Amino acid sequence: MKKSRILFASVSGSVIEWYDFYLYGTATGLVFSTLFFPSSDPAIALLLAFATFGVGYAARPIGSIIFGHFGDKLGRKASLMLTLIGMGGSSFLIGCLPTYEQIGIVAPTLLVLLRLIQGIALGGEWGGAILLATEYAPKGLRGLYGSIPQLGVPLGLVLGSFSLTFISYLTSEEQFIAWGWRIPFLFSVVLIGLALWIRGGIEDTPAFKQQKERGEIASFPIVETFRENGKSVFHVIGLKLGDGFFNVFLMSFVLVFASTYLGYSKEVALTALTIGCATMILTIPIIGYLSDFIGRKSIYITGLVLLLLLAIPYFSMAGKSPTWFYIGQAVMLGVVWASIFATQGTIFSELFPAKVRYTGLSFGYQIAAAIVGFGPMIWTPMAEKYGPSPAVFGGFMMAGLAISLVLALFVPDTRKISKYEDTIENYEKGKERVI
């Protein structure tokens with residue numbers, strides 16, 4: 001099967017999944033805090049709205065267990081088809097929801113329920129997309145292949161943010177609040193149909209086929225993951241925490257932080273986010289390619305160190321002017337954080353053998369995501385009390401990064417020491433011998 005089609009299948013589904021997930025994040029501060037969580041105190045309404053945002057992250061470990069189980073027992077492809085249906089269906093229904101004014105408390109209740117479904121679906125998507133790419137990767141190019149699905153994050157976010165911004169330009173503020181915001185959510189059903197068609201035409205990965213032919217399918221993947229690879233799961237959790245908090249801030253909370261506490265317009269905030277994401281699109285494949293030659297661990301540690309050193313300067317720059325804010329987003333999100341994220345999927349997947357790789361990779365990553373997803377609930381009262389203090393917000397980020405940095409020192413360079421004995425070359429050679 002052509003490698004280009006495999007990569008396109010992995011990144012296209014990932015783009016759409018993240019489009020739906022971040023579309024919700026963008027709409028949280030712009031729409032949901034007003035329409036679904038009305039309050040006389042705007043800060044309380046915003047806090048409640050971000051609680052539902054965090055719920056989506058909290059649900060992701062559940063999805064990692066469910067879809068990891070399917071992915072390790074039935075195949076990567078089957079699991080990925082289900083995640084698309086779950087994400088697309090819930091997003092479409094969000095676009096149909098009545099507001100608090102129309103049906104009262106039932107409205108936010110349904111919103112939280114649909115956000116839960118989104119989180120569960122995404123909990124299985126990320127790991128599966130990574131494996132679809134890396135388990136088809138030729139020897140020596142796994143870092144590059146593993147970086148391609150990561151493009152789904154900036155592309156999905158830009159697509160989600162752009163869709164809301166585009167609709168807001170075409171409608172008045174009253175029209176946007178009344179019905180305009182619903183259009184991007186309803187459009188999800190078209191995108192999901194396209195992704196299902198693309199993924200429906202691919203075969204399962206050589207790694208899974210090899211395990212199946214050997215009869216080495218795990219009976220209970222989550223149990224076997226902890227019994228045989230529990231240390232790797234905790235490595236993944238710790239490695240993700242530090243950059244995860246910064247990621248949630250730079251790609252989600254930054255919209256509220258910039259418009260509410262720095263005094264910028266929402267257009268400036270969205271432009272800064274778009275600049276950071278556009279830079280990531282260029283950075284991620286380059287770093288992924290380099291990781292195949294200079295090592296993933298060295299790149300990962302360098303990224304963590306730079307994030308830690310630049311944490312306070314970033315928050316100082318952000319409040320100076322829109323121009324400095326744009327530069328800060330381009331550097332921190334588009335270059336430094338992107339260098340970590342580009343190698344993350346490949347590093348984490350290389351810590352696990354094929355029979356529990358989907359579960360181990362997904363569960364560790366999504367546990368960390370569940371923790372960092374509640375960052376906005378911490379930062380909102382922090383900002384109310386201390387304002388946009390560089391020392392307070394920078395210090396918070398540095399604490400998480402220090403944990404990840406210490407753990408990173410004890411993780412092997414997976415480029416040299418990995419559990420990927422099941423390369424596509426070995427699989428093809430095995431088929432030749434059988435023939």
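## Close-up views of a predicted model

View 1. K240 and D243 lie three residues apart in helix α13 (residues 221-261), so about one helical turn separates them. The model is predicted. The two side chains meet in a salt bridge, 3.0 Å from N to O. K240 has 2% relative accessibility and counts as buried. D243 is buried too, at a relative accessible area of 0%. Both values fall under the 20% cut-off for buried residues.

**View 2. R296 pairs with E350.** The closest N and O atoms of this salt bridge are 3.0 Å apart. The pair links distant parts of the chain, 54 residues apart. R296 belongs to helix α15 (residues 296-318). E350 sits in the loop between α16 (322-349) and α17.

View 3. R357 forms a salt bridge with E135, with 2.8 Å between the closest N and O atoms. Here, too, distant parts of the chain are linked: the two residues are 222 residues apart. R357 is in helix α17 (residues 354-372). E135 is in the loop between α6 (106-134) and α7 (142-147). Both R357 and E135 are buried. The structure holds eleven salt bridges. Through shared partners, salt bridges join D72, R76, E135 and R357 into one network. Side chains of opposite charge can pair when their charged atoms come close.

**View 4. Helices α3 and α4 pack against each other.** Helix α3 (residues 60-73) and α4 meet at an angle of about 150°, and their axes are 6 Å apart. The two helices are therefore roughly antiparallel. The cut-off for that label is an angle over 145 degrees. On the α3 side, the contact is made by F67, F70, G71 and D72. On the α4 side, R76, S79, L82 and T83 make the contact.

**View 5. A nonpolar patch on the surface.** Which residues form the patch? They are Y100, I103, I105, V106, L110, L113, L116 and I117. Together they have about 630 Å² of accessible area. α5 (100-103) and α6 each supply at least two residues. The largest share comes from α6, with five residues. I117 is found in helix α6. I117 counts as partly exposed because its relative accessibility is 35%, between the limits of 20% and 50%.

View 6. N247 is buried, with a relative accessible area of 8%. What does N247 touch, not counting residues up to four places away in sequence? The contacts are Y22, S252 and W337.

**View 7. L93 and A311.** L93 lies in helix α4 (residues 76-94). With a relative accessible area of 43%, L93 is partly exposed. L93 and A311 are 218 residues apart in sequence. In space, 38 Å separates them, C-alpha to C-alpha.

Notes: Residues numbered from 1 in each chain as written. Predicted model: local features only at pLDDT ≥ 70, side-chain atom pairs only at ≥ 80, totals over all residues. Heavy atoms only, no water. Salt bridge = Lys/Arg side-chain N within 4 Å of Asp/Glu carboxyl O. Helix = DSSP H or I, 4+ residues; strand = E, 2+ residues; numbered from the N terminus. Buried < 20%, exposed > 50% of the residue type's maximum accessible area, 1.4 Å probe, protein only. Patch = residues over 30% accessible without salt bridge, like charges linked within 9 Å, V, L, I, M, F, W, Y side chains within 5 Å. Areas by Shrake-Rupley, 256 points an atom, 1.4 Å probe, with all protein chains shown as cover. Contact = heavy atoms within 4.5 Å. Axes fitted to C-alpha atoms, helices over the stretch in contact; angles between N-to-C directions. Parallel < 35°, antiparallel > 145°, perpendicular 65-115°, else oblique.
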